[in-house]
Every structure is written in C-alpha cells, then in structure tokens.
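Work through the exercises below with the sequence and the structure at hand. Each task is followed by a solution in steps.

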Amino acid sequence: MQTTTEITAIFDTTLERAFKSPMLCDITKVHNGYGITPKVTYCTEDESWGKVGGNRKVFMAKTLTFKGGESSLDKVLERKENEYWKIEISDFKAWSMGFEKFQGEWFTTQFQEGKVLVRYRYTMFSNSTLFYPFHWLFTKIVWRKYMRHVLENIRKLTISKAPYLHE
C-alpha cells in the first residue's frame, strides 16, 4: 500500500540552485528536526551521493522515540539534470510506524528568469492494511507539514547560495 502527498512552491533563484540544493547541500540544514522527526546529525559512506545508484547512511539525534544514531539508508534512484530527483529512504533503524520505505521526488521547472516552480512529492510504502488509515492520515497531515518545513529550509539554502557538499 502506498500514500502520496505533494506540495509546490516558487523559488526566486536559478534553475541549477533549485535543482541541486535539496540533494547536494548539507542535509543537517535541510532536515533539522521538526515535531516528532529528529534532526539529522551527519551522514557516512556518502562518497557516491548525488549520482544515480549512490547512497549514504543517515544518522539522527536522540528523541523520545529514537535512541539516536544510525537511522536509515538514502539512495539516489534517478537524477535528470536540472529537472528531477528521485530518492528512496529505507532500512530504517528507528521506529518507522510500520512504513517500509519512503520515496521522495523533487521536480524543478524554470518558468521565467530567476523563478523556478518546485514540486516536492513523497510516497510512503507499507504492507499493513490494518494501519493504512493511520498511514494515510500521517502522510497527508503530519508528513505534509514536515515537507513544508523542509521546503522552507531548502529555499533558505538557495537564497544564501550555500555550498554543495556533493556533486
């Protein structure tokens, strides 16, 4: 079973910045904690990150529901330069509420000079029919709100022209 949610925004930046910043900048500035989601503290084994097939191990801070430490594995599934990213978050070490994996997508379309339409989509995967109503509500309400927080963090990175840590 899967549930998808999507948000959009206009970024006042270059197409390259809007495309690269969410995946290639410092993840600790993107996923800095919000609500029940712990902040990312660092990543390891990320030499291949940013390339199709690349991955990284993600580590998160301690919270009430997570002891802290390694939390998941991120993988780059697709990359179409200045247009589209698709990543997968799996191999959860933290409590994942019954979700098996998440797939995130980031679409960028320049519609005028210095203005980029961003579409940000997440699909949550689960094999639990029993928990599907909860997963649907979580994805549509909680995760969507978290996505707005992340999107604003990414917007700030594009405006400040934060350096890319990966290429």
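The exercises go from the whole chain to a single residue, and the model is a predicted one.

**Exercise 1.** Determine how many helices and strands the chain has, and in which order they come.

Solution. Counting the elements gives 3 helices and 7 strands. Reading along the sequence then gives the pattern β-α-α-β-β-β-β-β-β-α.

**Exercise 2.** Compare the radius of gyration of the chain with that of a compact globule.

Solution. Start from the length, 167 residues, for which a compact globule would have a radius of gyration near 15 Å. The chain has 15 Å, so the two values agree. As for its extent, the C-alpha trace spans about 50 × 30 × 30 Å along its principal axes. Of the 167 residues, 48% count as buried. Among contacts with a separation of 6 or more, 56% are between residues 24 or more positions apart.

**Exercise 3.** Decide whether Val76 is buried or exposed.

Solution. First locate the residue: Val76 lies in strand β4, residues 69–80. Next take the cut-off: buried means under 20% relative accessible area. Val76 has 3% relative accessibility and therefore counts as buried.

Now list its contacts, leaving aside neighbours within four places in sequence: Val76 touches Trp49, Gly50, Lys51, Val52, Gly53, Gly54, Trp85, Lys86 and Ile87.

**Exercise 4.** Find how far apart Val76 and Val116 are in sequence and in space.

Solution. Along the sequence, 40 residues separate Val76 and Val116. In space, the distance from C-alpha to C-alpha is 22 Å.

Note on methods. Residues numbered from 1 in each chain as written. Predicted model: local features only at pLDDT ≥ 70, side-chain atom pairs only at ≥ 80, totals over all residues. Heavy atoms only, no water. Helix = DSSP H or I, 4+ residues; strand = E, 2+ residues; numbered from the N terminus. Buried < 20%, exposed > 50% of the residue type's maximum accessible area, 1.4 Å probe, protein only. Contact = heavy atoms within 4.5 Å. Rg over C-alpha atoms; globule rule 2.2 N^0.38 Å.
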